[in-house]
Amino acid sequence: MMLPDSPQNIVVVRAPSPSVHYIPSSMSGDNIIIPTQNQQPVHSFGQPVSESWCLTSVKVIKFSFNWTINNFSFCREEMGEALKSSTFSANLNDKLKWCLRLNPKGLDEESKDYLSLYLLLIAAPNSKCETRAKFKFSILNAKGDETKAMESQRAYRFVQGKDWGFKKFIRRDFLIDETNGLLPDDKLTLFCEVSVVVDSINISGQTQINPVSDALLPAADKYCLERLKIQCEEILCTTIDKDNVADILILADLHSAAQLRQQSIDFINTHPQDVLETIGFQLMIRTHPHLLADAYRAMASLQNNIICPPRKKQRTV
């Protein structure tokens, strides 16, 4: 099996637009279940029971994409020049946008007798967001069956603008040979399956949920795991008290957790006398003074929005 490669400094030249057929993608994968301390994994009969345990939960979203190119034999791209498909994603709300990139006459001198095919991450929530994904390319023959499939053997790391694929996907002469039935009516149909790692977390049987959420929020923010980030925010919101609200506000500010940040500020405004004298709040004033300013602005805004009863009109004689 040929390993995927990732070219650098490729000049992409757009050719006359081929026909592109987009098949709506589908999602699969179960929701992550974060166990509490008492929710230990079920042991089978005869399996030793340990005093502690760990559950690794990995969520993967799978989706597919079809790209049909009409009149393939008329493609004029030279070696190193490429065609691009339309963008696709796991669902309409997914911020990760992908496309396929095809070099009909190869990527370079070494692959000039082949088609080169790559999966390219077009857009991500931010330029530093890292995504791990496996992929599989194949050609649909005249009967609609997959053939000449090539699959990545591991999940590769993608960032915005990064691609992975196969420099020698299929020999051009084999593809064009009519007896192989891969170009019915001069149509090339490429089929791509993508498996994207969404969440990956370890949960220990001896770890309380609050420290877990505290530790997972930075990781969820770094790797753009939006669903996990929301779960951490929701859990931490339920733990806010006068002693930890300053620490939680700093954590929320550092990792752009808007919901958690607002909840923390609301708590401070609701319980100012309880919070102001705590060690955590005094430390926050010295290390993160802008958060104090944000809290005061929120308090001022709240007071300005209080509706006062209208003043009575004075009687005139």
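Which residues does G181 touch, not counting residues up to four places away in sequence? G181 touches N141 and A142, where contact means heavy atoms within 4.5 Å. The points below start from the model as a whole and return to G181.

1. Basis. This is a predicted model, in which local features need pLDDT of at least 70, side-chain atom pairs count only at pLDDT 80 or more, and totals for chains, interfaces and linings use all residues. Residues are numbered from 1 along each chain as its sequence is written, and side-chain values use heavy atoms, with hydrogens and water left out.

2. Overall make-up. The protein has eight helices and nine strands. Both are DSSP runs numbered from the N terminus: helices are H or I, at least four residues, and strands are E, at least two. The protein has 317 residues, of which 40% count as buried. Buried means under 20% relative accessible area, exposed means over 50%, and partly exposed lies in between (1.4 Å probe, protein chains only). Take the contacts between residues at least 6 apart in sequence: 69% of them join residues at least 24 apart.

3. Helix 4 against helix 5. Helix 4 covers residues 245-254 and helix 5 covers residues 258-270. They pack at an angle of about 150°, with axes 8 Å apart. Axes are lines fitted to C-alpha atoms, for helices over the stretch in contact, and angles run from 0 to 180 degrees between N-to-C directions. The two helices are therefore roughly antiparallel. That term applies over 145 degrees; under 35 is roughly parallel, 65 to 115 roughly perpendicular and the rest oblique. The crossing of helix 4 and helix 5 is left-handed, meaning that the near helix is turned anticlockwise from the far one by less than a right angle.

4. Residues in that contact. Helix 4 brings V245, I248, L249, A252 and D253. Helix 5 brings L260, R261, S264, I265, F267 and I268. By class, the contact of helix 4 with helix 5 has eight nonpolar, one polar and two charged residues. Nonpolar covers Ala, Val, Leu, Ile, Met, Phe, Trp, Tyr, Cys and Pro; charged covers Asp, Glu, Lys and Arg; the others, Gly among them, are polar.

5. The link between them. S256 lies in the loop between helix 4 and helix 5. S256 is exposed, with a relative accessible area of 56%. Its phi is near 50°, a positive value in a residue other than glycine. Most residues other than glycine have a negative phi.

6. Helix 4 against helix 7. The axes of helix 4 and helix 7 come within 7 Å and cross at roughly 35°. A246, L249 and I250 of helix 4 meet G280, F281, M284 and T287 of helix 7. By class, this contact has five nonpolar, two polar and no charged residues. L249 also takes part in the contact with helix 5.

7. Faces of helix 7. In helix 7 (residues 279-287), the buried residues are G280, F281 and M284. Seen down the helix axis, they fall within an arc of 95°, so they line one face of helix 7. The arc is that of the directions from the helix axis to the C-beta atoms. On the other side of helix 7, I279 and R286 are exposed.

8. The loop with G181. G181 sits between helix 1 (172-176) and strand 9 (188-204). G181 is partly exposed, at 25% relative accessible area. G181 and K143 are 38 residues apart in sequence and 8.7 Å apart in space, C-alpha to C-alpha. D185 is also placed in the loop between helix 1 and strand 9. D185 is exposed, at 70% relative accessibility, and has a positive phi of about 55° although it is not a glycine.
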